[in-house]
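Trainee: I have a protein model open and I would like to learn how to read it. Can we go through it feature by feature?

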Amino acid sequence: MQFGVERNVVNLPVHKSYSFAGRGAFAAVLMSFLASVSAVESSRGDDEFVRVRQVRSGSGVRLFVENRALWDVTVTLKVLARNGRISRLKPETATYPARSETEAARVAADDPSKRCKWRCRFEWMVGRMRGPSRNGAPPDDKVLYRLPFAAGRSYRVAQGYNGKRTHEGRDRYAVDFAMRKGTSVCVARAGVVVDLEESSKTGGSDKKFRRRSNYVCIAHDDGTVAEYHHLHYDGVLVEVGQRVEAGQRIAISGNTGYSTGPHLHFGVYSAVSGRRSQSHPVTFTTAEGIVREPVKGQTYTAK
Ligand SMILES: [Zn+2]
């Protein structure tokens with residue numbers, strides 16, 4: 001019998017400057033039907049939000065994706081089989097609702113007298129899938145975001161959408177606000193804290209720092225996830241699982257990670273797969289009025 005579990009927390013390389021929203025995970029399971037395994041095997045330990053459960057069924061196996069988080073996740077589940085027929089009940093990449101268990105695929109032996117080998121791998125990411133923003137359309141353009149700092153405070157946009165320095169690819173629709181270290185970072189849109197990091201003490205203009213950013217990720221009701229980056233060491237004031245309201249102070253700004261100077265990177269993302277995400281433009285309500293695209297060099301005041 002071969003039964004192996006590999007686990008590897010994915011720090012996605014897709015983000016040029018930062019580590020990634022909502023910690024992803026990867027697991028590989030290798031099994032054979034004729035092996036003497038218990039009827040139910042789980043792909044990973046009980047401490048994970050997402051796992052794949054395999055249930056023996058006749059000469060085959062049924063694969064269930066279990067999402068134990070309080071928020072939706074997007075999972076890419078790949079299944080390979082030799083002498084096996086794979087039936088998919090969910091597409092290879094699909095969004096699984098909070099607190100759910102869903103049968104995603106089945107593998108049945110083509111020839112039950114022969115050994116059937118199969119393998120599955122999965123990766124996951126917090127949030128739902130959304131259409132691309134090629135034309136600049138936000139995922140939900142009725143929603144107004146407040147600026148991610150305290151009401152009455154004004155900060156200059158150091159880099160806007162499509163910024164030449166780092167706002168491309170996954171970060172195309174992110175905004176950088178220049179602010180001194182120690183500035184209060186406040187919620188732009190209500191949601192639930194799904195991930196955070198505050199252990200980094202370093203940062204700089206070298207790409208080697210791109211995974212050293214302290215951050216908070218907040219999942220919204222529409223399945224998008226906001227990321228607040230470059231926070232101060234020990235500068236996160238909320239916990240994973242906590243509900244936060246717009247305007248609430250959640251962190252202290254800093255200059256950790258890949259950064260040329262103290263600033264706050266703010267972006268709203270959705271899942272493209274269990275590995276990749278994309279950003280979306282959002283509309284801000286500010287003291288200066290409605291802002292559809294924050295302009296580099298311009299200063300905006302939070303309401
Ligand atoms: Zn940025």
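Trainee: Where is His-230 found?

Mentor: Keep in mind that this is a predicted model. His-230 is found in the loop between β18 (225-229) and β19 (231-236).

Trainee: What is the phi of His-230?

Mentor: Start with the general idea. Most residues other than glycine have a negative phi. Now the case here. His-230 has a positive phi of about 70°, although it is not a glycine.

Trainee: Is His-230 buried or exposed?

Mentor: Count the C-beta neighbours. A residue is buried if 20 or more other C-beta atoms lie within 10 Å of its own. His-230 has 31 such neighbours inside 10 Å, so it counts as buried.

Trainee: Which strand holds Asp-234, and what is its phi?

Mentor: Asp-234 lies in strand β19. Its phi is positive, about 60°, and it is not a glycine. Asp-234 counts as partly exposed because it has 13 C-beta neighbours inside 10 Å.

Trainee: Now the whole protein. How many helices and strands are there?

Mentor: The secondary structure comes to 0 helices and 27 strands. Of the 303 residues, 46% count as buried.

Trainee: What share of the contacts joins residues 24 or more positions apart?

Mentor: Look at the contacts with a separation of 6 or more. Residues 24 or more positions apart account for 70% of them.

Trainee: Can you show me one pair that is separated in sequence?

Mentor: Take Val-55 and Arg-106. They are 51 residues apart in sequence, and their C-alpha atoms are 9.5 Å apart in space. Val-55 is in strand β4 (residues 50-57). With 14 C-beta neighbours inside 10 Å, Val-55 counts as partly exposed.

Trainee: Which residues touch the most other members of the largest nonpolar core?

Mentor: Val-216 and Ile-218 do, in a core of 67 residues. Strand β10 (residues 117-126) gives the largest share of this core, 6 residues. The core draws at least three residues from each of domain 1 (4-126) and domain 2 (144-301).

Trainee: What is Val-216 in contact with, leaving aside its neighbours within four places in sequence?

Mentor: The partners are Val-193, Leu-196, Tyr-228, Leu-231, Val-236, Val-238, Ile-250 and Ala-251. Remember Val-236 and Ala-251.

Trainee: How do I read a sheet?

Mentor: Strands of a sheet pair through backbone hydrogen bonds, either parallel or antiparallel. Here, 3 strands form an open sheet in the order β14-β21-β19, with antiparallel pairing.

Trainee: Why is one side of β14 and of β19 left without a neighbour in the sheet?

Mentor: β14 (184-186) and β19 stand at the edges. Each has a single partner strand, so one side of each has no neighbour in the sheet. On average, neighbouring strands of this sheet are turned by 40° against each other, direction ignored.

Trainee: How many bridges join β19 to β21?

Mentor: There are 2 bridges between β19 and strand β21 (residues 249-253), and these strands run antiparallel. Val-236 has Ala-251 in β21 as its bridge partner.

Trainee: Which order does the sheet with mixed pairing have?

Mentor: This open sheet of 3 strands has the order β11-β25-β26. Its edge strands are β11 (144-146) and β26 (289-291), and each pairs on one side only.

Trainee: What stands opposite Thr-285?

Mentor: Ile-290 in β26 stands opposite Thr-285. Strand β25 (residues 283-286) and β26 pair in the antiparallel sense over 3 bridges.

Methods
Residues are numbered from 1 along each chain as its sequence is written. This is a predicted model: local features need pLDDT of at least 70, side-chain atom pairs count only at pLDDT 80 or more; totals for chains, interfaces and linings use all residues. Helices (H or I, at least four residues) and strands (E, at least two) are DSSP runs, numbered from the N terminus. A residue is buried if 20 or more other C-beta atoms lie within 10 Å of its own, exposed if 12 or fewer, and partly exposed in between; C-beta atoms are placed from the backbone. A nonpolar core is a set of buried Ala, Val, Leu, Ile, Met, Phe, Trp, Tyr and Cys residues joined through C-beta atoms within 7 Å. Domain bounds come from an automatic or database domain assignment. Two residues are in contact if their C-beta atoms, placed from the backbone, lie within 7 Å. Two strands pair if DSSP finds at least two bridges between them. Axes are lines fitted to C-alpha atoms, for helices over the stretch in contact, and angles run from 0 to 180 degrees between N-to-C directions.
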